Amino acid sequence: MIKINAIGKPCPIPVIEAKKAIRTLEKTGGVVEVLVDNDVAVENIKKMALGLNLTATSEQLASDQFNVQLVVTEKKLVDQKAQEQGLVIAVGRKTMGEGDPELGAILLKSYLNSLCELDTPPQQLLFFNSGAFLTNQESNALADLRQLMEKGTKISTCGACLDFYNLKQTLAVGEITNMYQIVETMAQAEKVITL
């Protein structure tokens, strides 16, 4: 068993440390136990485990202490090539291009609407920095984003960005992710477009 104390460590460090421990057990199998201090870290570790085809369980030990256990069995880890994704679009701002912000907002709304018309929609949309405003309850792009989700597009927004802009409680579409998962998604994609 590998034990990791990630209490007090900011996102995405708990996920990164857990993944490093998992790699050391790839050939032999075993259990990775991670202590974290918030439920967002628990969910991020579980999402990473799910992506690697691992069993993950969690237990709340105190109001600010959680234990996450990951079971690693030989050859159970998903092959990286099998995880490759198609088109991933990374949206790091709430406008498109340079210049007038009002025009930029109109262009980005039109871009997202046009994505709905593609025969093969993007595999995933990643929202970070001020792009997090687009997945918020006040966004004028929600109908387009929901239509993309219905077509199979995964939508993920950076949790640190939602916290920074005080938007976490008003997230209206998709799931919360972290920078490590954003990097991993982009690295595995066949093609990445960054806006």
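A residue is called buried under 20% relative accessible area, exposed over 50%, and partly exposed in between, with a 1.4 Å probe and protein chains only. The legends below describe a predicted model, in which local features need pLDDT of at least 70 and side-chain atom pairs count only at pLDDT 80 or more, while totals for chains, interfaces and linings use all residues. Residues are numbered from 1 along each chain as its sequence is written, and side-chain values use heavy atoms, without hydrogens and water.

**View 1. Ser156 is a buried residue of the model.** Ser156 belongs to strand β7, residues 154-158; helices (H or I, at least four residues) and strands (E, at least two) are DSSP runs, numbered from the N terminus. Ser156 counts as buried because its relative accessibility is 1%. Its side chain makes a polar contact of 3.0 Å with the side chain of Gln124. A polar contact is a pair of N or O atoms within 3.5 Å; within protein, one must be able to donate a hydrogen and the other to accept it, and residues adjacent in sequence count only if both atoms are side-chain atoms. Leaving aside residues up to four places away in sequence, Ser156 touches Gln124, Leu125, Leu126, Phe127, Glu175 and Thr177, where contact means heavy atoms within 4.5 Å.

**View 2. Four strands form an open sheet with mixed pairing.** Strands of a sheet pair through backbone hydrogen bonds, either parallel or antiparallel. The order here is β1-β2-β4-β3, and two strands pair if DSSP finds at least two bridges between them. At the edges are β1 (2-5) and β3 (55-62), each of which pairs on one side only. From one strand to the next, the twist averages 15 degrees. Strands β2 (residues 30-36) and β4 (residues 65-72) are antiparallel and share 7 bridges; Glu33 has Gln69 in β4 as its bridge partner.

**View 3. Helix α2 lies across part of the sheet.** This helix, residues 39-51, lies across β2, β3 and β4 and runs at about 5 degrees to β4. Axes are lines fitted to C-alpha atoms, for helices over the stretch in contact, and angles run from 0 to 180 degrees between N-to-C directions.

**View 4. Lys19 is a buried residue of helix α1.** Helix α1 spans residues 13-24. Lys19 is buried because its relative accessible area is 4%. Between Lys19 and Asn113 there are 36 Å in space, C-alpha to C-alpha, and the two are 94 residues apart in sequence.
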